[in-house]
Amino acid sequence: MERRFTPLSMRPSPSRRDTEKDALEFEYLEVCKKSGVLNINGFRQVIDPEEINIMDVLGSGSCGVVESATIRSTTMAVKTMYKNNNKDTLKRILRDVRIMDLCDSPFIVSSYGYFYSSVKICMEIMTTCCDKLLRRLYHSKLDFFPEFVAGRIVHSAISALEYLKEEHSIIHRDVKPSNILFDENGNVKLCDFGISGFLINSMAHSNNAGCPPYMAPERLTIETNSTYDIRSDVWSLGITIFQLVTGKYPFPLNDMEFYTLTTIADLNLPSPSLSDNPSNSYTHEFINFIDLCLMKNVKDRPNYDILMQHDFFLDYDPQMSQRYKIRKINDTTDEIEEWFSNAILNSKKDDENCPIPNTPCVN
Ligand SMILES: Nc1ncnc2c1ncn2[C@@H]1O[C@H](COP(=O)(O)OP(=O)(O)OP(=O)(O)O)[C@@H](O)[C@H]1O
């Protein structure tokens with residue numbers, strides 16, 4: 001029997017599931033093309049996974065473990081993800097691999113390449129994350145992150161998030177202390193793109209999981225949790241910085257996560273403010289910057305363009321040489337680098353996995 005031709009516009013439109021499956025297949029094919037080729041010292045080299053010499057565990061998260069390793073004499077951080085047949089796990093792996101490969105920013109942890117079949121991503125090695133350093137400071141009874149270090153973190157994180165949005169239409173969705181890393185020179189970088197999403201008309205259109213205690217009110221509210229924008233990452237950064245400088249998460253935490261999340265989502269309850277902190281010695285600019293990030297109503301919360309014009313951001317922008325607040329110690333070292341190395345030197349590595357009371361345990 002002759003097959004009748006159906007014009008494209010009259011064909012039943014593909015179901016959402018088909019579209020998602022196609023997108024996943026496309027991502028998979030793109031990823032496979034570059035698997036096993038690492039960019040080391042500017043040369044693309046085909047590497048056998050057997051050449052990875054694992055040294056030490058750097059950390060672990062819900063999806064895998066990160067270890068230091070050498071490959072052809074270069075030291076790297078190698079993240080090995082737990083692979084299973086779950087579609088969401090596959091999605092997370094593909095996202096992390098593809099976005100790291102796409103990005104080229106001094107504020108984002110760079111990638112050497114990856115091995116898709118053994119699910120390993122090879123990254124630039126950093127010293128540790130802000131979450132682990134905070135635990136070390138707490139248990140060693142040292143001061144928490146000072147305002148000038150918060151200034152460096154704010155400048156780097158906003159620069160990274162703005163780059164992701166402007167250059168690649170990507171929203172991170174998982175900004176929290178364990179995803180902000182620093183190196184021995186005091187550089188601060190963002191990592192972990194497993195649940196990042198692509199923006200359509202500047203909006204995110206799915207509610208992929210994130211870390212609920214750091215999620216903005218609009219992401220915790222059913223009516224708004226499937227369309228939100230980059231301002232939800234601004235909220236997460238505000239909570240992160242609040243926690244790093246005060247040593248504790250700003251909402252009450254107990255066994256019932258539900259109560260914490262309800263407190264965050266309720267627009268009638270006030271937002272936390274650094275001005276309420278008893279040991280408040282922060283500048284007016286810093287308090288105001290964090291107050292703006294923690295505006296509960298998303299309509300009142302500024303976007304990156306506005307935050308990048310804020311006095312607090314400009315004070316920590318190295319390009320603003322007249323007002324840049326970070327002092328040089330000598331020709332090669334500044335006070336940020338000095339603070340990070342003293343913090344590591346004077347605290348114990350063993351403490352980095354011991355939780356802090358009233359602070360989310362994220363890994
Ligand atoms: N490039 C790196 N250099 C040094 N340490 C790293 C690097 N990447 C990650 N880490 C360490 O490994 C830890 C685990 O990272 P990972 O991205 O797997 O999980 P997470 O963000 O901590 O948790 P989750 O995946 O559950 O959100 C980080 O918290 C950090 O301490």
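Modeller: Axes are lines fitted to C-alpha atoms, for helices over the stretch in contact, and angles run from 0 to 180 degrees between N-to-C directions. Helices (H or I, at least four residues) and strands (E, at least two) are DSSP runs, numbered from the N terminus. Also, this is a predicted model, where local features need pLDDT of at least 70 and side-chain atom pairs count only at pLDDT 80 or more, while totals for chains, interfaces and linings use all residues. Residues are numbered from 1 along each chain as its sequence is written, and side-chain values use heavy atoms, with hydrogens and water left out.

Biologist: Fine. At what angle do H5 and H7 cross?

Modeller: Roughly 135°, and the axes of H5 (residues 231-246) and H7 (residues 284-293) come within 8 Å. The two helices are therefore oblique to each other.

Biologist: Which residues make that contact?

Modeller: With contact meaning heavy atoms within 4.5 Å, H5 brings Val 234, Trp 235, Gly 238, Ile 241, Phe 242 and Val 245, and H7 brings Phe 286, Ile 290 and Cys 293. By class, eight of the residues are nonpolar, one is polar and none is charged. Here Ala, Val, Leu, Ile, Met, Phe, Trp, Tyr, Cys and Pro count as nonpolar, Asp, Glu, Lys and Arg as charged, and the others, Gly among them, as polar.

Biologist: And how do H4 and H10 pack?

Modeller: Their axes are 10 Å apart, at an angle of about 110°. That makes H4 roughly perpendicular to H10. Phe 148, Val 149 and Arg 152 of H4 meet Glu 335, Ile 336, Trp 339 and Phe 340 of H10. This contact has five nonpolar, no polar and two charged residues.

Biologist: Switching to charges, how many salt bridges does the structure hold?

Modeller: It holds 20 salt bridges, each being a side-chain nitrogen of Lys or Arg within 4 Å of a carboxyl oxygen of Asp or Glu. One of them pairs Arg 152 with Asp 334, at 3.4 Å from N to O. Arg 152 sits in helix H4 (residues 147-168) and Asp 334 in the loop between helix H9 (311-315) and helix H10 (335-345), so the pair ties together parts that are 182 residues apart in sequence.

Biologist: Are those two buried or exposed?

Modeller: Arg 152 and Asp 334 are both buried; that means under 20% relative accessible area, with exposed over 50% and partly exposed in between (1.4 Å probe, protein chains only). Another salt bridge joins Arg 323 and Asp 311, at 3.1 Å from N to O. Arg 323 lies in the loop between H9 and H10, and Asp 311 in helix H9, so that pair links parts 12 residues apart in sequence. Arg 323 is partly exposed at 31% relative accessibility, and Asp 311 is partly exposed at 40%.

Biologist: Which residues do salt bridges with shared partners join into one network?

Modeller: Lys 79, Arg 92, Asp 96 and Asp 192. The side chains of Lys 79 and Asp 96 come to 3.1 Å, N to O. Lys 79 is buried at 12% relative accessible area, and Asp 96 is buried at 1%.

Biologist: What else does Asp 96 touch?

Modeller: Not counting residues up to four places away in sequence, Asp 96 touches Lys 79, Met 81, Ile 121, Asp 192, Phe 193 and Gly 194.

Biologist: OK, now the hydrophobic side. How many residues are in the largest nonpolar core?

Modeller: That core has 84 residues, and those with the most contacts inside it are Phe 145, Ile 153, Ile 158, Leu 164, Phe 286, Phe 289 and Phe 340. A nonpolar core is a set of buried Ala, Val, Leu, Ile, Met, Phe, Trp, Tyr and Cys residues joined through side-chain atoms within 4.5 Å.

Biologist: Which helix gives the most to this core?

Modeller: H4, with 10 residues. Apart from this core lies another, of 11 residues, among them Ile 52, Ile 71, Met 76 and Tyr 112.

Biologist: Last one: where is Ser 73?

Modeller: Ser 73 is in the loop between strand E4 (64-71) and E5. Its phi is near 70°, a positive value in a residue other than glycine, and Ser 73 is exposed at 75% relative accessible area.

Terms used: Angles under 35 degrees count as roughly parallel, over 145 as roughly antiparallel, 65 to 115 as roughly perpendicular and the rest as oblique.
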